[in-house]
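Reader: I would like to go through the terms used for this model and see what each one rests on. Please set the values against the cut-offs.

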Amino acid sequence: MDHRQTPLFSALVKHAERNPIQFHIPGHKKGVGMDPEFKNFMGERALSIDLINIAPLDDLHQPMGVIEEAQKLAADAFHADYTFFSVQGTSGAIMTMIMSVCSQGDKIIVPRNVHKSVMSAIIFCGAKPVFLSPARDENLGIDHGITTRSVKRALEIHPDAKAVFIINPTYFGVCADLKEIVELVHSYRIPVLVDEAHGALIHFHEQLPISAMEAGADMAATSVHKLGGSLTQSSVLNVSVKEGLVNPKRVQTIISMLTTTSTSYILLASLDVSRRNLALHGKEMAETAIRLANQARKQINDIPGLYCFGEEILGTEATYDFDPTKLTIHVRHLGITGYDAENWLRDHCNLEVELSDMYNLLCLVTPGDTEDSIQLLVDALYKLAEEHRNTGAVKELVVQIPEIPQLSLTPRDAFYGDTETIPFKDSAGRIIAEFIYVYPPGIPILLPGEVISQENIDYIMDHVQVGLPVKGPEDRNVEFVKVIVETEAIF
């Protein structure tokens, strides 16, 4: 296919150049009817393509024109049979995957460290999650992927599962042997769904981990906006029908149900042009990001007190491969938390990182980086280390992840059940009716339907006290929590 084409973006530009008289939404009508300061900041050209699904511009809900052409080009670029554009981010694409194959009461095998959108979809469709514990890195205090062995055990116990959900790569860039897992799951005639949020570039360079489509997965949700150059909130859902386990018409129906009818053509156009850029220059873009990341990694590892892992962590089932453009910087030996380090970098160096946790910072190197930006990062980390070295006691790395709680109700039944609000510190033994998770990255600690343990309470309060972003409950301070109302015992 001719990847120089941008059917959707070109149609938008052509339409704007015609400058038609508009009696349709959006009401700002090319910026004339909006706040002047915002209009001047955004620019008239951008506002001229803030349009809706009028006939010349096709309709994302039933594409038959330029959007359909753009999606076909994207499918070719990502080596998929079908590609669906998402203006609801990868969260919307993940929810579409699950709701396309799961119904009320169906089992789905998922890692415990899934994104919260997975659990949202499970609640919406009434599925029952079967959780797999990800491999825990005892040296870094982070989770990696799930192993082929754990998937095999889950399938032996639950051969009636409707899907297996995999993260590839993880937030920290680490991958299990996806191809081996896909082949195993397909031997049970079960579809494989992949959270490929951080894998936009892996399709375009052989030094990066294998992509979901290349590994033979049935569906994969990919955040083009995270690493591929499109605007925030724009993603793609790639689908393969080679195994006959997924119905693309069903996928179109579900994604349409989850998508606003006022779709943003600016977001859609950014996907169209990002696909062109990746298809034509993706290898070169990825190569630059890899080179800069490896350069940064080497310099960071020369800073006393800091450690940024590389290929040396490979060799286990859970660490089969990794994406070097993710810089996970271990700061524990400075005697501070990752959260402390994130705040210090913000306050003293005007530098923002992707996330922090108890022991680490995560920085993403993308095609948007340069030699200059990498040097600024390294210099800032050097200052961080100089400032904190020998000033505080180095704490031992303590992995305190509680056991996966007992699931007593399906997440849907708990979420929509009769509830009451009680002090969180007194909630041990009760069934929670809301989420508690650390965001970013959005990994759940407690899910609706699970029994709260004292271990859970202690773990969450430890995170709250050091200032890590614990979110989910209606009470933002996590002092109170919603639980299922219990019927009084009859004596």
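Author: Start with burial: buried means under 20% relative accessible area, exposed means over 50%, and partly exposed is in between, with a 1.4 Å probe and protein chains only. The model is a predicted one, where local features need pLDDT of at least 70, side-chain atom pairs count only at pLDDT 80 or more, and totals for chains, interfaces and linings use all residues. Residues are numbered from 1 along each chain as its sequence is written, and side-chain values use heavy atoms, with hydrogens and water left out.

Reader: What makes Glu-243 and Arg-189 a salt bridge?

Author: A salt bridge is a side-chain nitrogen of Lys or Arg within 4 Å of a carboxyl oxygen of Asp or Glu. For Glu-243 and Arg-189 the N to O distance is 3.1 Å, so the pair meets the rule. Glu-243 lies in the loop between β10 and α11 (248-258) and Arg-189 in the loop between α8 (178-186) and β8, so the pair ties together parts that are 54 residues apart in sequence.

Reader: What makes Arg-112 count as lying over the face of Phe-131?

Author: A charge sits over a ring if NZ of Lys or CZ of Arg is within 6 Å of the ring centre and within 35 degrees of the ring normal. Arg-112 is at 4.6 Å from the ring centre of Phe-131, and it is listed as lying over the face.

Reader: Why is the pair of Phe-78 and Phe-204 called edge-to-face?

Author: Rings of Phe, Tyr and Trp (its six-membered ring) pair if their centres lie within 6.5 Å; planes under 30 degrees apart count as stacked, over 60 as edge-to-face and the rest as tilted. A search of the whole structure finds three aromatic pairs. In one of them, Phe-78 and Phe-204 have centres 5.7 Å apart and planes at 70°, so the pair is edge-to-face. Phe-78 is buried at 2% relative accessibility, and Phe-204 is buried at 13%.

Reader: Why is the pair of Phe-309 and Phe-322 called tilted instead?

Author: The centres are 6.1 Å apart and the planes are at 50°, so the pair is neither stacked nor edge-to-face. Phe-309 has a relative accessible area of 1% and is buried; Phe-322 is buried at 5%.

Reader: How do you know that β11 is an edge strand?

Author: Two strands pair if DSSP finds at least two bridges between them. Four strands form an open, antiparallel sheet in the order β11-β13-β15-β14, and the edge strands β11 (307-308) and β14 (355-356) each pair on one side only. Two bridges join β11 to β13 (residues 326-330), with Tyr-307 opposite His-330.

Reader: In which sense does β9 pair with β8, and in which with β10?

Author: β8 (residues 192-195) and β9 are parallel over three bridges, with Val-194 opposite Ala-220. β9 and β10 (residues 235-239) are antiparallel over four bridges, with Ala-221 opposite Leu-237. Met-219 and Ala-221 point one way from β9 and Ala-220 and Thr-222 the other way, and all are buried.
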